[in-house]
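Trainee: I'm new to this one, could you walk me through it?
Mentor: Gladly, let's look at it together.

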Amino acid sequence: SNDIFKENRWYNKKQVDFGKELFIKNCSVCHGKKAQKTVNWKKTLSDGSYPPPPLNGNAHAWHHPKSQLKRIISNGGKLYDGKMPGFKSILSNSDQDAVISYFQNFWDDEKYSLWLNNGGLTRE
């Protein structure tokens with residue numbers, strides 16, 4: 001669980017703690033307080049759009065480098081047939097890093113390593 005801060009990652013505990021506040025305030029209404037929603041994230045909604053995916057390591061957020069995660073947070077989910085609004089006017093660059101650190105701290109070491117080895121911090 002996220003209650004245990006995972007060491008040796010790109011973020012620090014202060015970011016995770018701040019990210020938790022930001023995530024609960026801005027993101028949890030759709031993604032769940034522990035980034036656990038939506039379980040059936042591949043199943044489209046009645047209007048053909050995709051529901052919010054879980055960001056806790058159970059879906060495919062770990063396929064996306066941090067740069068891409070930040071683009072989605074900034075610009076929203078339109079490119080991915082989702083309804084997520086863009087948060088660029090609400091969350092600063094460092095706020096976005098904090099939010100990402102919060103949900104990444106749910107990822108197990110295997111997912112995090114795959115993400116890192118696949119260019120999580122370097123790929124555009």
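Mentor: The buried residues (under 20% relative accessible area, 1.4 Å probe, protein chains only) of α3 are K66, S67, Q68, L69, K70, I72, I73 and S74. This is a predicted model, where local features need pLDDT of at least 70, side-chain atom pairs count only at pLDDT 80 or more, and totals for chains, interfaces and linings use all residues. Residues are numbered from 1 along each chain as its sequence is written, and side-chain values use heavy atoms, with hydrogens and water left out.

Trainee: What covers the buried residues of α3?
Mentor: The cover includes α4 and α5 (109–117), where helices are DSSP runs of H or I with at least four residues, numbered from the N terminus.

Trainee: And which residues of α3 and α4 meet?
Mentor: On the α3 side they are K66, L69, K70, I73 and S74, and they meet N93, Q96, D97, V99, I100 and F103 in α4, contact being heavy atoms within 4.5 Å.

Trainee: At roughly what angle do the axes of α3 and α4 cross?
Mentor: They cross at roughly 115° and come within 10 Å, the axes being lines fitted to C-alpha atoms over the stretch in contact, with angles from 0 to 180 degrees between N-to-C directions.

Trainee: Switching topic, where does M84 lie?
Mentor: M84 is in the loop between α3 and α4, and, leaving aside neighbours within four places in sequence, M84 is in contact with H31, I72, I73, G76 and G77.

Trainee: What about the phi of G76?
Mentor: G76, which follows α3, has a positive phi, near 95°.

Definitions and conventions. Helix = DSSP H or I, 4+ residues; strand = E, 2+ residues; numbered from the N terminus. Buried < 20%, exposed > 50% of the residue type's maximum accessible area, 1.4 Å probe, protein only.
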